[in-house]
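Me: I would like to go through this model term by term, setting each computed value against the definition behind it. Could you answer with the cut-offs in view?

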Amino acid sequence: MSDGQESGPAPTAVRTPVDRPLLSLALTSMMEAVGAHSGAVYLGPAEEPVLQMAVMAGLPRAFAAPWERVGLSAPIPVAEAVRERRLVWVGGEEEMARRYPRIAVVLPYSFALAAMPVATESRVYGAVFVTWPGSHPPELSEGEREQLTSACGRLARRLERAAAENRALRAESDLVDAGPIGGISGTLGTVEAARMVARLPYGMCSLDVSGRVGFANAAAAEMLGVPVSGLLGTHLWASVPWLNDPSYEERYRAALLSQDPVSFVALRPPSDWLSFRLYPSTTGISVRISRARGVSEFGPSVPRSGDAPTRLVSMSQALSMAGALTETRSVQDVVRLVADEIAPAVGSRALVLLGARAGRLRVLGHHGYPDPHVVERFDGMPLSAPTPGAHAVAHGVPAFFESRQHLEHLYPLRHSAPDGFAAWAYLPLIASGRPVGACVLAYAEPHVFSTHERAVLTSLAGLIAQALDRALLYDVKHQLAHGLQAALLPPSLPRLPGIEATARYLPATRGMEIGGDFYDLVPSRPLAAAVIGDVQGHNVTAAGLMGQLRTAVRAYTAVGQESAEVMRSTNRLLIDLGSELFASCLYLRLDPGRGRAVMARAGHPPPLLRRADGQVRVLDLAGGPLLGIDGSATYPTTEVELGPGCVLALYTDGLIESPGVDIEDAVADLGRRLGESGGRPLEELADELVGPHATAEERLDDVALLLLRARAQT
């Protein structure tokens, strides 16, 4: 990952290895300097935008298994530290849940974390994170910040020198073993300590940081029902059958990461309740086991899937990926998330999402293929075609190909379509018992898929399927909404003598992204008319009613009704339709020959008028109530100036309403921008006025804008 010129000469064929564990030494000295109890170093290969964990210290790697390999765009602290070239601090459990919910789902414990980039001015080499128990102050001290920043800078310079001298880094082992507990083995003190513990009336066990039993007294063996020899070197949840529940293993993880004592009660069949108290430190955990007193009805925590470290890893991956996939909306969102997070996590270099429609294969999206045509040529292929993708979609059976020879032996057609990859996983996507597509993961090198890996990939495919099913439905609704909205609004505005016009419409981003805002320009004789309105709601009902009102306004205008009568007729129509929805409206007749306009208003925001000299007025017109409330309501009219060079801005409330902003202030700000930019071409002016809303990620309401500029008639 280079963002500048890499220093040092070009690599030669033979690289001399670094003669000492550079990463481990840097990490442990960094942890010791700031009192951290765990940490890890990531390296970023220059040829791909990912971070790969190189070494971890203080805790088993299983704790960070979902993030051993992460994309740079992933919303996690180490990736953010690299992207933004700064130290990222997470002060505790609540802050982690707020800023990085996917990590909090997998590690819901009390701990603090700092992540830093390992970088020089010209190149990013990777990242480091370190963690502290939850007792750490909520803020990182200046001394700690300086220590971490300086240490990462030193590590980056060492990596830069190693690259310049063409020296390769040695593979380094994780640092999790703390050595014998209790001092030098065989000393008198150790013997006496063992005798003392053996005399205690309750059980005592010692677990290392990986959870393996290093010591157990006779009382512990008796209470657990397993001899000491059967406990040593094992995990309690693996060697004691009735502790084989992930909720108990979770207590060990909570104690080790938070460094806080943890306790729980467990039932030894048939009726003996035992109390477990875990006392953690950075070297392991001491466990006290005693008989629980006065327990009449107690049960373990709700079990979760997984009963061994490897299963725990797959559970963590599934939880993390599920949290990410719930945030996707469209099919392209799913493609991006799988490409940025899931594929790097499982070592894949490219992917394709396939679907089916009308008996044919559809390529929904792809990533990582140098030549897109290699993938897109399968779009439209019959599901009966002899290809692994069509077979996975049609039959819902996963297929794993460990090499090109394996794939081409079963599917000779692939001889003519090489894609540059060497291994593939074809994962059917099944949602609610029906196939919705397939996910194809491609690997750069031949790859043996173990039984565990196949299970993990199949589980991830289930999560992707649920997200894709929702995304396909969202895309259909989105297309329907936009198609309906486009059909109900005018496709273009007519040319009028003496009037230049343009309009903008932006749907709300909630609901179906369709709403009741409308506008129109009617080229009637002798005077043209303009209208803008807003039916409450952001759904099909509001859009349908909007279409009826727009049609009614055009009809009443065409038969020659005056402004006030058009509003009264439209009001009565809305009441007669029996709708429970109301509407605001602003209607005007345009007379550019006289330089005048006659307006009628029904509960609508006031229009803005910019004169040719740049002065802006808020036209606070007299008006009547919202349409659809009172069948006897009247709507007085007001005549306003509309001379050459004047610009009239008609808009709906979505353009001026924002949480925490006063309406009058918002109207004043809109008027200021109209005054400053009103001399620009009308199209540019419209873009300027709706600009903040067009780029917003979320719009709570529809936005409609109709601009009218009077021109001198020749």
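**Values against definitions**

Me: Why does Cys439 count as buried?

Reply: Cys439 counts as buried because its relative accessibility is 0%, and buried means under 20% relative accessible area, with exposed meaning over 50% and partly exposed lying in between (1.4 Å probe, protein chains only). The model is predicted, and for that reason local features need pLDDT of at least 70 and side-chain atom pairs count only at pLDDT 80 or more, while totals for chains, interfaces and linings use all residues. Residues are numbered from 1 along each chain as its sequence is written, and side-chain values use heavy atoms, with hydrogens and water left out.

Me: What makes Cys646 buried, and how many disulfides does a search of the whole structure find?

Reply: Cys646 counts as buried because its relative accessibility is 2%. As for disulfides, a disulfide is a pair of cysteine sulfur atoms within 2.5 Å, and the search of the whole structure finds 0 of them.

Me: What makes Gly230 partly exposed, and in which helix does Gly230 lie?

Reply: The relative accessible area of Gly230 is 29%, and therefore Gly230 is called partly exposed. Gly230 belongs to helix α8, residues 228–231, where a helix is a DSSP run of H or I with at least four residues, a strand is a run of E with at least two, and both are numbered from the N terminus. Between the C-alpha atoms of Gly230 and Val240, which are 10 residues apart along the chain, the separation is 9.1 Å.

Me: Why is Leu278 called buried, and which residues does Leu278 touch?

Reply: Leu278 is called buried because its relative accessible area is 4%. Its place is in strand β12, residues 272–281. Leaving out residues up to four places away in sequence, Leu278 touches Arg251, Tyr252, Ala255, Pro261, Val262, Phe264, Ile285, Ser286 and Val287, a contact being heavy atoms within 4.5 Å.

Me: What makes Trp132 buried, and how far apart are the C-alpha atoms of Trp132 and Ala36?

Reply: Trp132 has a relative accessible area of 2%, so Trp132 counts as buried. Trp132 is part of strand β7, residues 124–133, and although Trp132 and Ala36 are 96 residues apart along the chain, their C-alpha atoms are separated by 4.9 Å.

Me: How do you know at what angle the axes of α17 and α18 cross, and which hand does the crossing have?

Reply: Axes are lines fitted to C-alpha atoms, for helices over the stretch in contact, and the angles run from 0 to 180 degrees between N-to-C directions. On that basis, the axes of α17 (residues 540–558) and α18 (residues 563–576) come within 10 Å and cross at roughly 145°. The crossing is right-handed; a crossing is right-handed if the near helix is turned clockwise from the far one by less than a right angle, and left-handed if anticlockwise. On the α17 side the contact is made by Leu545, Leu549, Ala552, Val553, Tyr556 and Thr557, and on the α18 side by Val566, Ser569, Thr570, Leu573 and Leu574.

Me: How do you know the class make-up of the contact of α17 with α18?

Reply: Ala, Val, Leu, Ile, Met, Phe, Trp, Tyr, Cys and Pro count as nonpolar, Asp, Glu, Lys and Arg as charged, and the others, Gly among them, as polar. The contact has 8 nonpolar, 3 polar and no charged residues.

Me: Which peptide bonds are cis at Pro270 and Pro526?

Reply: The bond joining Pro269 and Pro270 is cis, with omega about 5°, and Pro270 is in the loop between β11 (262–268) and β12. The bond joining Arg525 and Pro526 is likewise cis, with omega about 5°, and Pro526 is in the loop between β20 (516–522) and β21 (528–535).
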